[in-house]
Amino acid sequence: MKELLESARACQLCAAHLPLGPRPILRGSPTARMLIVSQAPGTKVHISGTPWTDASGHRLRAWLNLTPEVFYDEARIGILPMGLCYPGVLPKGGDKPPRPECAPLWHPPLLAAMPMVRLVLLAGGYAQSRYLGPGLMTERVRGQPGLPRFFCLPHPSWRTVGWAMRNPWFETETLPILRDAVSAALR
Ligand code: SF4
């Protein structure tokens with residue numbers, strides 16, 4: 001696992017497409033019980049070098065009801081975006097999608113190196129499409145078709161605030177189930 005993480009962190013495969021250059025950001029351990037698969041780092045995370053050190057990370061930890069100490073316990077929780085590097089911005093605003101060559105290259109060996117993972121959180125449509133195929137994010141979050149291994153979440157960006165107001169069942173029904181699933185996976 002150590003060599004695999006070092007190889008991933010040294011990756012330059014799509015450097016020509018990355019406006020700030022490669023800086024793969026991921027965490028993992030052979031003892032990890034839970035894995036968070038998300039979209040791609042933003043600029044704050046690109047600078048910090050630590051995943052989820054932004055407002056989205058605060059929101060995600062609140063959803064999971066986890067302290068930063070537990071959230072960043074690499075022995076228990078792996079973090080693997082669909083694109084490991086910041087992809088840049090779209091002309092109309094918002095971040096570009098994760099680089100398409102990244103997950104096919106790095107996810108299979110990294111998942112194989114984390115055999116104790118019981119629960120995979122799929123945060124956002126890109127992660128859900130890779131692991132569950134085509135589908136609508138809101139329907140997946142409500143129906144949770146991937147349980148018990150996969151738990152679907154919206155990406156916890158600022159856009160989720162309005163989405164959660166339109167879908168109040170997320171807070172009253174989904175988050176309690178999520179917290180139970182996280183507790184069981186980490187126990
Ligand atoms: S986004 Fe992925 S494939 Fe591209 S350089 Fe970073 S780690 Fe490599």
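The secondary structure of the protein chain comes to 9 helices and 4 strands. Before going further, note that this is a predicted model. Read from the N terminus, the order of elements is α-β-α-α-α-β-α-β-α-α-β-α-α.

Overall dimensions next. Along the principal axes, the C-alpha atoms occupy a box of roughly 45 × 40 × 30 Å. The radius of gyration is 16 Å, which agrees with the value near 16 Å for a compact globule of 187 residues. As for burial, 49% of the 187 residues count as buried.

Now the cavity. How many cavities of 30 Å³ or more are there? The count is 1. The volume of the largest cavity is about 120 Å³. Its lining has 16 residues, and those closest to the centre are Cys11, Cys14, Leu18, Cys85 and Cys102. Helix H5, residues 102–112, gives the largest share of that lining, with 3 residues. By class the lining of the largest cavity splits into 12 nonpolar, 2 polar and 2 charged residues.

What takes up this space? The ligand does: the space it takes is the largest cavity. Around the ligand we find Cys11, Gln12, Leu13, Cys14, Leu18, Pro24, Leu84, Cys85, Cys102 and Trp106. That shell has 9 nonpolar residues, 1 polar residue and no charged ones. The largest pocket holds about 890 Å³. Its lining is made by 37 residues, and Gln39, Ser56, His155, Ser157 and Arg159 lie nearest the centre of this pocket. Which elements each supply at least two residues of the lining? They are helix H2 (43–48), helix H3 (55–64), strand E2 (77–81), helix H6 (125–132) and helix H8 (159–166). The classes here are 19 nonpolar, 12 polar and 6 charged residues in the lining of the largest pocket.

Most residues other than glycine have a negative phi, and most peptide bonds are trans.

The peptide bond between leucine 147 and proline 148 is cis, with omega at about 10°. Proline 148 sits in the loop that runs between helix H7 (137–143) and strand E4 (150–153).

That loop between H7 and E4 also holds glutamine 144. Glutamine 144 is not a glycine, yet its phi is positive, about 45°. Is glutamine 144 buried or exposed? Glutamine 144 is buried, because its relative accessible area is 10% and the cut-off for buried is under 20%.

Tryptophan 52 also has a positive phi, here about 60°, and is not a glycine either. Where is tryptophan 52? Its place is the loop between H2 and H3. Tryptophan 52 has a relative accessible area of 6% and is therefore buried.

Valine 45 belongs to helix H2. At 4% relative accessible area, valine 45 is buried.

Leucine 121 is part of strand E3, residues 119–123. The relative accessibility of leucine 121 is 1%, so this residue counts as buried. Leucine 121 and serine 38 are 83 residues apart in sequence, and their C-alpha atoms are 8.0 Å apart in space.

Arginine 27 is in the loop between helix H1 (2–9) and strand E1 (34–38). Why does arginine 27 count as buried? Its relative accessibility is 18%, and buried means under 20%. Between the C-alpha atoms of arginine 27 and leucine 110 there are 9.8 Å, for a separation of 83 residues along the chain.

To recap: the ligand takes the space of the largest cavity, and the volume of that cavity is about 120 Å³. The largest pocket has about 890 Å³. The cis bond is at leucine 147 and proline 148, and a positive phi is found at tryptophan 52 and at glutamine 144.

Terms used. Residues are numbered from 1 along each chain as its sequence is written. This is a predicted model: local features need pLDDT of at least 70, side-chain atom pairs count only at pLDDT 80 or more; totals for chains, interfaces and linings use all residues. Side-chain values use heavy atoms; hydrogens and water are left out. On a 1 Å grid over the protein atoms alone, a cavity is a set of points where a 1.4 Å probe fits but cannot get out, and a pocket is an open set with protein on both sides within 12 Å along at least five of seven lines; lining residues have an atom within 4 Å of a point. Grid points are joined across faces, edges and corners, and a volume is the space filled by probe spheres set on the points. Ala, Val, Leu, Ile, Met, Phe, Trp, Tyr, Cys and Pro count as nonpolar, Asp, Glu, Lys and Arg as charged, and the others, Gly among them, as polar. A residue is near a molecule or strand if one of its heavy atoms lies within 4 Å of it. A molecule sits in a cavity or pocket if more than half of its atoms lie within 2 Å of its grid points. The radius of gyration is taken over C-alpha atoms; the globule rule is 2.2 Å times the number of residues to the power 0.38. Buried means under 20% relative accessible area, exposed over 50%, partly exposed in between (1.4 Å probe, protein chains only).
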